[in-house]
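Hello,

Here is the structure I promised to pass on. Please have a look at it first, and then read my notes below.

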Amino acid sequence: MHQVLQIQEILCNIFGHCRLPTSWHTHTSDLPALARTCRAFKEPALDVLWKELLDPSPLVRCLPDSDASGYNFYNDCYSFLRSLTQIEWGILRSYTRRIRSMLDEKDALDWESVMIFLNLPTTEPLFPNLRHLHTKQSSGIEHFLCMSFPSLISLSIDLSKEDEQDPYLLQGPLESLSKLSPNIRRLSIHPGQPDMIAFGNFFSGYICRWQDLQTVDCRVINLDVDALAHLSRMTALTRLRCTLCTLFPASVTPLVFSNLDHLTLRSDFLEPLSRLLSRTRLPAVTEFYTIISRRPSKEDFTSFLVSVQTSVIGHNIQELGLDQAWDEDEEVDTRLVLGLGLEDLQPCTSFNNLRCINLNLEWNVNLTDSDLLALASSWPHLERLLINEDHGWKTPGGITPNGLAQLLQACRSLCQIALAIDTRGFIEFRESRASLGLTSPHVLSVDVLDSLIEAESVPAMAAFFAAITPPSSRWFSFYAYRGCSIITRMEHRDRWFDVGKRARDASGQTLMAPHSIDVVSD
């Protein structure tokens, strides 16, 4: 054998190319065969084979004695059939010490097997080198996560698909993990549908025990003041997603997140978010997203944007999003809904580094050509402009085709737009892309939302879109206007479909129309 093949690092590199997406531990996999080839290949082949587990079932299937484990047809998973002998524990440990990452998206082990793992014959951890753990299953999770993972740096628990979840199910595991896995840097917890305040109360206490956190994703968990204060002292923290259910006390010393780059906050209302931002300094944040469930008032919206400025986000922010969750079952009288105008967005003009702005509110939108061009002049690097992508503008108006062409001229990097388009009176178009001064090679994604269009405007709009969209553009989408009858909605849907088809045929593009159609019955 060549001396190069005696170097384990080289063998591990070579064997790494033998890993298949789903069959690493099957009898047809190359890695088990390589491990049995010779002594020089055994250790590096086993290291690669067991480095990452797509599910825990190989831990049961690895034992040679057929009466020790098997498939449990009743529970539809693999299972230990009896207690393990000292020799079998030794075999199991020879594999588990090699595991660096484990993914568990289904109930691959039954509860009895998990309990066997807990009854170790020694005090040494079964997974001494496990660094990444991601689980989506709930069977026995409160016991499995109580094991010792001394090298764990990345933990993800996702029980969001559980309809009914005991909020205290994870209390024991979090207590254990906060003590036995002190070096966690990346933490992601999605506990399903518990009482967020009750769950947040004890979760906030545990999160304060980790001192090296870099990313925290607990988007549906309410963090209290002490937890936020603790995280603000984490100089390595760069990403944070959490929920705020209560108002931030005015008496608390302002918090400074010195290196936080991405921040996502959820709340029912905007007021708790505004209060927090007014007492927080975020000098490094470039991506800021907020998600609310209730329609804000004009005063709350203005207060929120002003608080974004005072928190120093405005100097560096590149992506700004405000999304109000959409309730499909709620009937909204558009005559009583607030209107989003230029004066409401005026504070955003100070965010000169914006590359993406995504506003999605249950408001009517009253922006005109001049309004959008005035806003765009403050955002020379804008790449994505999305206004009410889900809720629509709920108005017959919008930006005119001429205004859209000027917008693309002003923002040369613009590659994705979601705006209502006012096609009234637009019946002729003879310009070309070059004559419009559009030379940007960027792919353009166009969503005209709930725009209305009359039959006589279809040919002109098709010619317009064929001219403004580069040959590589693919997306053109719309959904039906909600301020008219179901018959009228279907008529406008079909007209926009015709616009997309004609534009595609005229330019030879792969323009797709429609990307989405939403016709809601009355």
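A word on terms before anything else: a residue is called buried under 20% relative accessible area, exposed over 50%, and partly exposed in between, using a 1.4 Å probe and protein chains only. Please keep in mind that this is a predicted model, where local features need pLDDT of at least 70 and side-chain atom pairs count only at pLDDT 80 or more, while totals for chains, interfaces and linings use all residues. Residues are numbered from 1 along each chain as its sequence is written, and side-chain values use heavy atoms, with hydrogens and water left out.

The overall picture

The chain has 522 residues, and 49% of them count as buried. Its secondary structure comes to 17 helices and 21 strands; these are DSSP runs numbered from the N terminus, with helices (H or I) of at least four residues and strands (E) of at least two. Among contacts (heavy atoms within 4.5 Å) with a separation of 6 or more, 74% are between residues 24 or more positions apart.

Inside the structure

Strand E7 (residues 186–190) is largely enclosed by the rest of the structure, because 4 of its 5 residues are buried. E7 pairs in the parallel sense with strand E6 (residues 154–158) over 5 bridges, and Leu 155 stands opposite Leu 187 in E7. E7 also pairs with strand E8 (residues 215–222), again in the parallel sense, over 3 bridges; here Ser 188 stands opposite Asp 217 in E8. Pairing requires that DSSP finds at least two bridges between two strands.

Helix H16 (residues 458–468) is largely enclosed too, since 9 of its 11 residues are buried. Among the buried ones are Met 461, Phe 464, Phe 465 and Ile 468.

Salt bridges

Side chains of opposite charge can pair when their charged atoms come close. The count here is 18 salt bridges, each being a side-chain nitrogen of Lys or Arg within 4 Å of a carboxyl oxygen of Asp or Glu.

Which parts of the chain does the salt bridge between Asp 47 and Arg 98 link? The closest N and O atoms of Asp 47 and Arg 98 are 2.7 Å apart. The pair links distant parts of the chain, with Asp 47 in helix H3 (residues 39–51) and Arg 98 in the loop between helix H5 (86–96) and strand E4 (101–104), 51 residues apart. Asp 47 is partly exposed at 25% relative accessible area, whereas Arg 98 is buried at 4%. Glu 43, Asp 47, Arg 97 and Arg 98 are linked in a network of salt bridges.

Arg 355 and Glu 383 form another salt bridge, at 3.2 Å from N to O. These two residues are 28 residues apart, in distant parts of the chain. Arg 355 is partly exposed at 32% relative accessibility, and Glu 383 is partly exposed at 27%.

Arg 430 meets Glu 428 in a salt bridge at 2.6 Å, N to O, and Arg 430 is exposed, at 72% relative accessibility.

Cysteines

How many disulfides does the structure hold? The number is 0, where a disulfide is a pair of cysteine sulfur atoms within 2.5 Å. For Cys 242, the closest cysteine sulfur is that of Cys 218, 5.5 Å away and therefore too far for a bond. Cys 242 is buried at 0% relative accessibility, while Cys 208 is partly exposed at 24%.

Best wishes
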